[in-house]
Amino acid sequence: MNNFRKRDDFLPYALPTIGQQEIDEVVDTLKSGWISKGPKTDKLEKKFCEFIGCKNAIALNSCTAGLHLALLSAGIGSGDEVITSTLTFASSANTIIHTGARPVLVDVDPLTGNMDPNKLEEKITDRTKAIVPVHYAGQACDMDDIMYIAKRHNLFVSEDAAHALYTTYRGKNIGTIGNTTSFSFYATKNITTGEGGMLVTDDDELAERARVMSLHGMSRNAWNRYSDTGSWYYEVEYPGYKYNMTDIQASLGLHQLDRLEEFQKRRELYARMYNDAFGDMDAIEVPYVKNYGRHAWHLYVIRINEDSLNIDRNAFIEELKARNIGVSVHFIPIHLHPYYRDRYGYKAGDFPVAEDIYRRIISLPLYPKMTQEDVCYVIDAVRDIAEKYGKRA
Ligand SMILES: *Cc1c(COP(=O)(O)O)cnc(C)c1O
């Protein structure tokens with residue numbers, strides 16, 4: 001019955017898919033003379049606007065830069081409070097701190113891992129200025145509820161869409177709902193520029209402020225120096241940042257964006273294969289999918305059912321590693337990290353839903369470069385472990 005065979009090579013948790021088009025475009029850029037922010041970055045911004053259906057897109061060196069600039073451009077700073085989910089990556093909270101504001105954490109929905117709108121309102125004080133919803137794993141937050149609460153309390157909404165490129169919510173693309181949305185093109189994300197990100201907004205004035213701040217706070221005519229019409233003159237309006245994307249990165253992005261639909265089809269196929277295989281196993285809970293839009297399937301996160309296994313999550317991960325499979329955990333809740341715990345007084349027990357999720361989750365490999373055989377191998381390995389360590393009823 002148990003005929004599992006360990007593969008010889010290691011299957012990484014994530015890998016980018018880079019084709020000849022991307023390589024040729026980078027070489028073309030290197031030979032062109034414009035290797036920093038220039039015409040290809042402009043082209044990517046325009047293409048991204050068309051893809052999302054938004055008015056402004058600002059290409060940056062990370063999603064983190066987008067999250068930071070979004071809050072700064074909205075005028076958020078010292079004395080303010082900004083609410084985000086505790087089940088997220090550090091940068092969602094760090095960028096709040098970088099503005100001088102205080103990160104206020106909220107627990108998540110037990111099914112989706114997204115910010116729980118029912119627990120959001122009780123976190124709002126007269127200092128609250130913004131909400132940073134995180135679309136966990138590539139599934140949209142309950143944006144109707146979040147936008148309703150934001151409007152009632154006059155709060156700015158800066159979406160962390162690092163996982164949510166191509167995600168939809170009730171017929172709308174993520175990137176067209178909140179005041180701003182930040183996407184990530186980090187190496188493991190659904191499309192990549194190595195490092196990179198995109199801040200999008202329909203607010204022209206906010207976009208202009210973010211643009212100026214992304215390049216030292218120099219005024220618009222100045223950052224346009226690469227063009228023939230540019231001049232030597234510039235004015236600094238703000239002590240800004242060095243957050244711009246380069247044309248080398250944009251060269252990758254142009255072709256990655258073209259391939260997003262192809263990538264998405266693979267992700268959907270592999271997620272379906274996992275769902276079908278794990279759906280009837282007692283030891284494994286598959287991701288809960290709401291029926292209100294497209295899931296970008298950035299992550300495939302299973303939950304271990306502790307009642308039907310003799311091993312815990314950490315041991316389960318070791319067993320996968322022993323079978324040459326790389327996995328990850330998304331995320332260690334923000335409030336459990338020493339910095340936020342010590343500075344803001346958070347402690348274990350503060351957000352029980354996120355903690356219960358954290359204790360049981362494993363992100364399995366899911367990326368277009370995997371083959372169907374790789375997916376079947378992961379399935380066999382999970383089954384093998386569940387059989388070996390399953391509690392007999
Ligand atoms: C990856 C990630 C980020 C940061 O993206 P960068 O482009 O690396 O700055 C932010 N939030 C979440 C939820 C992420 O997963």
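With which side chain does the side chain of Asn190 make a polar contact? The partner is the side chain of His298, at 2.8 Å, a polar contact being a pair of N or O atoms within 3.5 Å, where within protein one atom must be able to donate a hydrogen and the other to accept it, and where residues adjacent in sequence count only if both atoms are side-chain atoms. The structure is a predicted model, in which local features need pLDDT of at least 70 and side-chain atom pairs count only at pLDDT 80 or more, while totals for chains, interfaces and linings use all residues. Residues are numbered from 1 along each chain as its sequence is written, and side-chain values use heavy atoms, with hydrogens and water left out.

Asn190 is found in the loop between strand 8 (180-184) and strand 9 (197-201), where helices (H or I, at least four residues) and strands (E, at least two) are DSSP runs numbered from the N terminus. At 5% relative accessibility, Asn190 counts as buried, a term that means under 20% relative accessible area, with exposed meaning over 50% and partly exposed in between (1.4 Å probe, protein chains only). A polar atom of the Asn190 side chain also lies 3.0 Å from the backbone oxygen of Ala296.

The ligand is surrounded by 16 residues, of which the closest are Thr64, Asp160, His163, Ser184 and Lys189; a residue is counted here if one of its heavy atoms lies within 4 Å of the molecule. A polar side-chain atom of Asp160 is placed 2.7 Å from a nitrogen atom of the ligand, whereas a polar side-chain atom of His163 lies 2.7 Å from an oxygen atom of the ligand. For Lys189, an N or O atom in the side chain is 3.3 Å from an oxygen atom of the ligand. Taken alone, the ligand exposes 390 Å², and the protein buries 92% of that, with accessible areas coming from the Shrake-Rupley method with a 1.4 Å probe and, for residues, only the protein chains shown counting as cover.

The structure holds 14 aromatic pairs, defined by rings of Phe, Tyr and Trp (its six-membered ring) whose centres lie within 6.5 Å, with planes under 30 degrees apart counted as stacked, over 60 as edge-to-face and the rest as tilted. The rings of Tyr169 and Tyr292 have centres 4.7 Å apart and planes at 70 degrees, so this pair is edge-to-face. The pair links distant parts of the chain, with Tyr169 in strand 6 (residues 168-169) and Tyr292 in the loop between strand 10 (284-285) and strand 11 (300-304), 123 residues apart. Both Tyr169 and Tyr292 are buried. A tilted pair is formed by Tyr346 and Phe351, at 5.9 Å centre to centre and 50 degrees between the planes.

The structure also holds 25 salt bridges, each a side-chain nitrogen of Lys or Arg within 4 Å of a carboxyl oxygen of Asp or Glu. In one of these, the side chains of Glu285 and Arg360 meet at 3.1 Å, N to O. Because Glu285 lies in strand 10 and Arg360 in helix 13 (residues 352-360), the pair ties together parts that are 75 residues apart in sequence. Glu285 is partly exposed, with a relative accessible area of 32%, whereas Arg360 is buried, at 10%. A salt bridge also joins Arg359 and Glu306, whose closest N and O atoms are 3.1 Å apart. This pair links Arg359 in helix 13 with Glu306 in the loop between strand 11 and helix 11 (313-322), 53 residues apart. Through shared partners, salt bridges join Glu285, Glu306, Asp356, Arg359 and Arg360 into one network.
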